[in-house]
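Open the model in your viewer and keep the selection panel handy. We will walk through it one stop at a time.

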Protein chains: 2
Amino acid sequence: MGVTIRDVARSAKVSISTVSRVLNDKCNVSDDKRVRVENAARDLGYIPNPAAQSLHSSRTGSLGILLPFVSGEFYAEFLNGVDKTAQGGDWLLMISTSHNSEEELRAALKGMYRRVDGLLIMAPNITAESVLLQPHDDIPIVFVNTRCEDEAISLITFDNYGGMREMTRHVIAQGHTRIGFIRGPVMAFDAAERERGYRDAHAEAGLAIDERLIVPGNYSQQSGHDGAVRLLGQRERPTAIMASNDDSAIGALSAIREAGLDVPSDVALTGFDDVPSARFTVPPLSTVHVPVRELGARSIQVLMECIQTRRIPDPPHFSMDVEVRVRAST
Amino acid sequence: MGVTIRDVARSAKVSISTVSRVLNDKCNVSDDKRVRVENAARDLGYIPNPAAQSLHSSRTGSLGILLPFVSGEFYAEFLNGVDKTAQGGDWLLMISTSHNSEEELRAALKGMYRRVDGLLIMAPNITAESVLLQPHDDIPIVFVNTRCEDEAISLITFDNYGGMREMTRHVIAQGHTRIGFIRGPVMAFDAAERERGYRDAHAEAGLAIDERLIVPGNYSQQSGHDGAVRLLGQRERPTAIMASNDDSAIGALSAIREAGLDVPSDVALTGFDDVPSARFTVPPLSTVHVPVRELGARSIQVLMECIQTRRIPDPPHFSMDVEVRVRAST
DNA sequence: CTGTTAGCGCCTTCAA
DNA sequence: TTGAAGGCGCTAACAG
């Protein structure tokens, strides 16, 4: 079951090494035999067994992608960028999701052992260093949107802090002083960074923060909805609500409208990520644009380079620009 | 580079066959040696080389997932179900997306040759038969949401036709007679089925369809927006708009509001899929609930069974129930 | 230019 | 219960 190089050799009446040469080196083979081999291979529908190739070369042609819990448009966009770029380099993708703890991540890492030539790890609630603390395969690893100080580790991020600080400045510039904030997941580094941006912009402006204005969330629409309900129920209702991402902003939007309030005249609203839907909410959502697809594309590009050059990129850390997009919700 | 079975054997002072036995069979090994091997393997951090295992067993431990263009929450949800179930069975996922033509799909199929033990193919714009027409690996294949008549092919679908027919009945029951329809991608089988449901419900009710009420789209928010603009610009404006999926409904919603019209009092609106966001639009979207995550989970489950039993399931075709969810947009 | 051969790492008969 | 040896399919030295 399955045609092997031997079958091709027999059919072309040459040795298996000649077949191998034709299919790889492409040199030192007479035209006569080359043609015979090529025809035989085509007729038989021969495809080299990747396991055998990998066993010999210790390369697999696959890239591993480790993601946290995948939900919503953000990850779909990211994967789009990743997959398209990987296909361009003729790599296959081994994807594993739902790794929120170090333990789960490590298990997944182990599962990918020797099955991939490089790894892309997005782990916002873990530090890159902690993952690499354990002995691991010596394949290149690129971290994305992960906390990482070590300059010996390749990292692609975007400016969670600066983006939210800019957005907060924008909201403050609109005259708001009581600004609600719906947090992201407790353990997520990007959520913490975004909150820091919110806080620092307040400090800059000399505005004190009422801690009751900061409510928990987890990036989901539901949590955004619940967060907004909570904020709007307070005696001194905030005049603006900043959600930690677009999904929770979408949830918040529905809660605001349920409360019979208007956006932006009663309550201004902002998000983060700029997922495709953000342009199509009513009103369109002011948000921080993150080039998500490009993020995926670049991450894979860097990973492919690491694999090729066997060295981490210089500089090892790269941050993609984000940009405040003011639409009609503020 | 890389600990092999030989290293473990040397360290435990046994032969490699004993190591192999301990790690697999678990029988016919003295307790003494078993312990030594287990310790050595643990201390050395030994993980069997999957390429070597695969070369011998011709099994890979991976499942291939072939998807069309991935966008939005639908695929994120689907992948959630898929990944979770696969992890439960200890399978790794090889995912490849953006296969819209038979040619691309076939190339991807070829790329996965011998790298996976089974395939999940979602190809709404291709027939299952056409894919399998070409000689292919004899691994189990499960098609999802694909056109397929052949009972020798395993298929999981949901009722695109019935769902949209029910929804159309609902809209007609609300008294609407001019109902706009925003189509899905031209080549997509599910989009055609949904349109058929729309048409048949009209026929049932004795309502003639003004063909100008059917406008093109491609499931994206933007196309939904553009479609709605087009529909609302007609002299005899429709009093209801049915989008072929939730994303395009979300786009349509924004266009309706831009036109200064209210949903549902001026124009009723419906979607299809019931992605998480559908509950959080303003107003919440009436839509056809598709158990997307369960769809992914079940598909993988069926695939795992096919691999285990080496036979296609009985019955080979399975359709998941969908259900009209009436919310505030109608 | 071409064929023979030795592994890559693992599992599994086959003897002992 | 154990070890030696063959082979999975392929590539790359090594002879010819």
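## Stop one: a sheet in chain B

Start by selecting residues 179-182 and 240-243 of chain B: these are strands β6 and β8, which pair in the parallel sense over 4 bridges. Helices (H or I, at least four residues) and strands (E, at least two) are DSSP runs numbered from the N terminus, and two strands pair if DSSP finds at least two bridges between them.

Before going on, a word on what you are looking at. This is a predicted model, in which local features need pLDDT of at least 70 and side-chain atom pairs count only at pLDDT 80 or more, while totals for chains, interfaces and linings use all residues. Residues are numbered from 1 along each chain as its sequence is written, and chains are lettered from A and ligands numbered from 1 in the order in which they are written.

Back to the two strands. Which residue of β8(B) is the bridge partner of I179(B)? Click on A240(B) to find it. Further along, I182(B) has A243(B) as its bridge partner in β8(B).

Zoom out to take in the open sheet of 4 strands, in the order β7-β6-β8-β9 of chain B, with parallel pairing. At the edges stand β7 (214-215) and β9 (268-270), each with a single partner strand, so one side of each is left without a neighbour in the sheet.

Next, show helix α8(B), residues 160-173, which packs on the sheet and touches β6, β8 and β9 of chain B. Contact between two residues is called when their C-beta atoms, placed from the backbone, lie within 7 Å. The direction of α8(B) makes about 170° with that of β8(B); the axes are lines fitted to C-alpha atoms, for helices over the stretch in contact, and angles run from 0 to 180 degrees between N-to-C directions.

Are the two faces of β8(B) covered or open? Both are covered: A240(B) and M242(B) are buried on one side, I241(B) and A243(B) on the other. A residue is buried if 20 or more other C-beta atoms lie within 10 Å of its own, exposed if 12 or fewer, and partly exposed in between, with C-beta atoms placed from the backbone. In a regular strand the side chains alternate between the two faces of the sheet.

## Stop two: helix α1 of chain B

Select residues 5-12 of chain B, helix α1, and colour its buried residues I5(B), V8(B) and A12(B). Looking down the axis of α1(B), you will find that they fall within an arc of 60°, so they line one face of the helix; the arc is that of the directions from the helix axis to the C-beta atoms. Among what covers them are α2 and α3 (31-44) of chain B.

## Stop three: where the chains meet

Show both chains: the contact takes 45 residues from chain B and 44 from chain A. On the chain B side, α5(B) gives the largest share, 8 residues. Then select strand β2 (residues 92-96) of chain A together with β2(B): 3 bridges join them, and they run antiparallel. One pair to click on is I95(A) and its bridge partner L93(B).

## Stop four: the DNA strands

Turn to DNA strand C, which has 26 residues around it; S30(A), T4(B), I5(B), S17(B) and A52(B) come nearest. Being near a molecule or strand requires a C-beta atom, placed from the backbone, within 6 Å of it. The largest share of this surface, 5 residues, comes from α2(B).

DNA strand D has 24 residues around it, and T4(A), I5(A), S17(A), A52(A) and S17(B) come nearest.

## Stop five: backbone details

Finish in the loops. In chain B, the peptide bond joining V263(B) and P264(B) is cis, with omega about 5°, and P264(B) sits in the loop between α11 and β9. Chain A has a cis bond from V263(A) to P264(A), with omega near 5°.

Last, click on D90(B), a residue other than glycine with a positive phi near 65°, in the loop between α5 and β2 of chain B. D90(B) counts as exposed, with 9 C-beta neighbours inside 10 Å.
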